[in-house]
Amino acid sequence: MNISQEDRARLRELARQQQELAHSPRNERLMQEWIAYGASRQPARPMIRIEIDTFEQDVLPALQRCTGEEARAIERRMLRPIANFTLFADDTLVPDHYAVREHLQFVPFGLPVRRQETGGVGHHFVPYLHDLEEDMHLLGPSVYRVDEAGAQAEQAQAEDLFGDILPVRREGGCLYSCPMQDIVHIMNMDDLYMAMIDDEENFRAVLGRLVDDYIAFFRLREEKGTLRSAARGQGLSQGSYCFTEELPDDVPQARLDQMWLYMDAQEAAGISPAMYEDLVFPAYRKLMALCGRLSYGCCEATHPIWEGALSHLTNLRKVSISPWCDEDFMGEALRGTGITYLRKPPATLLGMETPLDEDAVTACFRKTAGAARGCKLEIAQRDVYRIGKDVSKVRRYVELARRALEG
């Protein structure tokens, strides 16, 4: 273990702080609010979360004291919910434990993703495929495995560092599968779109193979007994939590139908709803049918595919309402269904190195409040990459959002 005594002392200090915050009256009250939110299919107060991961470089360095690389990685993970709770005052929970998840590997078609970085947040995926008919031979079987030894090693390390202060637990989460994204990682989007038009048979074969590989991977995890159900404060991707009364919580060796699944197809945003329903949705639905509850969508607009596809999913419980979505249409569609209106506000409202435009923030959330009236509403502020030096503006953003949504 490459962690110095000084860094060990810092991590133990953070463990004590996390325990104190986790058992604070405010956090315990917030936990009960989330439990009630997840248990009801009726509207409750809107829940607001700020996803810190993408802009943590503007927040966490000032809070970090560890010097070793391994220790700093653990320190960052412990600081994220603490920063949300103490600096932003959103509805992020401070967990009363240190969570250890499954250690997994899944390489679609055995082709590792190749990225070219731009020096900023942008990047380019270097494709393997250009013409499906000519390049199908490059697609091998997907490579996947469950690294139980790695998870056990992580757990042992955390227990040695601070397990006498902060409990270390194995924790489940959602299953995750975004096959269209996997394909774009190995094939340029323009080539992919042309294949969907000119080589429908091979496109169906590629997507079908990938979905079947995900199903085999999920089945492997089920058979090995490594799945653990999640229905409380575990992560559900897209800045959301797993809270629900419709699934069991923290069941080891869980079945697939006891699990949440997250999926999206934002790479299909440029095709027509009819093409999505014909070429993408049938394959996606095979995966969706395996799991107990589903959260769907990222940046793509979900309103064009609501009536022909998403509305037919009986296990759908959260749907993304991105900046490109028709808020009013989806509010009308979700009202009274118990499906969460998971609003992703425009990142530019917060993600600029300039002072907040308070009028714009207020107007945005008032519009959401009107569109989502009568719906279960959750806010997940994502994709913020820069906030500048004024960290306090995040807290102000949360205050303005809460006032506009509840006022």
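The structure is a predicted model, in which local features need pLDDT of at least 70, side-chain atom pairs count only at pLDDT 80 or more, and totals for chains, interfaces and linings use all residues. Residues are numbered from 1 along each chain as its sequence is written, and side-chain values use heavy atoms, with hydrogens and water left out.

Helices (H or I, at least four residues) and strands (E, at least two) are DSSP runs, numbered from the N terminus. Helix 2 covers residues 25-39, 15 residues in total, and spans 21 Å from its first C-alpha to its last, close to the 21 Å expected at 1.5 Å a residue; the expected span is 1.5 Å times one less than the number of residues. Its buried residues are Asn27, Leu30, Trp34, Tyr37 and Gly38. Here buried means under 20% relative accessible area, exposed over 50%, and partly exposed in between, with a 1.4 Å probe and protein chains only. Viewed down the axis of helix 2, these buried residues fall within an arc of 90 degrees, so they line one face of the helix. The arc is that of the directions from the helix axis to the C-beta atoms. An α-helix has 3.6 residues a turn, so residues three or four places apart point the same way. Among the elements that cover the buried residues of helix 2 are helix 1 (5-22), helix 3 (69-88) and strand 13 (377-381).

Glu327, Met330, Gly331 and Leu334 are its buried residues, and they fall within an arc of 105 degrees seen down the axis of helix 10, so they line one face of the helix. Their cover includes strand 11 (316-321), strand 12 and helix 11 (358-371).

Two helix pairs follow. Helix 1 packs against helix 5 (residues 148-162) at an angle of about 85 degrees, with the axes 9 Å apart. Helix 1 is therefore roughly perpendicular to helix 5, a term for angles of 65 to 115 degrees. Axes are lines fitted to C-alpha atoms, for helices over the stretch in contact, and angles run from 0 to 180 degrees between N-to-C directions. Arg8, Leu11, Arg12 and Ala15 of helix 1 make the contact with Asp160, Leu161 and Phe162 of helix 5, where contact means heavy atoms within 4.5 Å. Helix 3 and helix 12 (residues 392-406) pack at about 70 degrees, with their axes 9 Å apart, and are therefore roughly perpendicular to each other. This contact is made by Thr86, Leu87 and Phe88 of helix 3 and Val394, Arg395 and Val398 of helix 12.

Most residues other than glycine have a negative phi. Gln238, however, has a positive phi near 60 degrees. Gln238 lies in the loop between helix 8 (200-224) and strand 9 (260-263) and is buried, at 7% relative accessibility. Gln253, in the loop between helix 8 and strand 9, has a positive phi near 55 degrees, but is exposed, with a relative accessible area of 62%.

Arg41 is located in the loop between helix 2 and strand 1 and is partly exposed, at 38%. Arg41 and Thr340 are 299 residues apart in sequence and 8.6 Å apart in space, C-alpha to C-alpha. Leaving aside neighbours within four places in sequence, Arg41 is in contact with Glu246, Arg317, Thr337, Gly338 and Lys376.

Note on methods: Angles under 35 degrees count as roughly parallel, over 145 as roughly antiparallel, 65 to 115 as roughly perpendicular and the rest as oblique.
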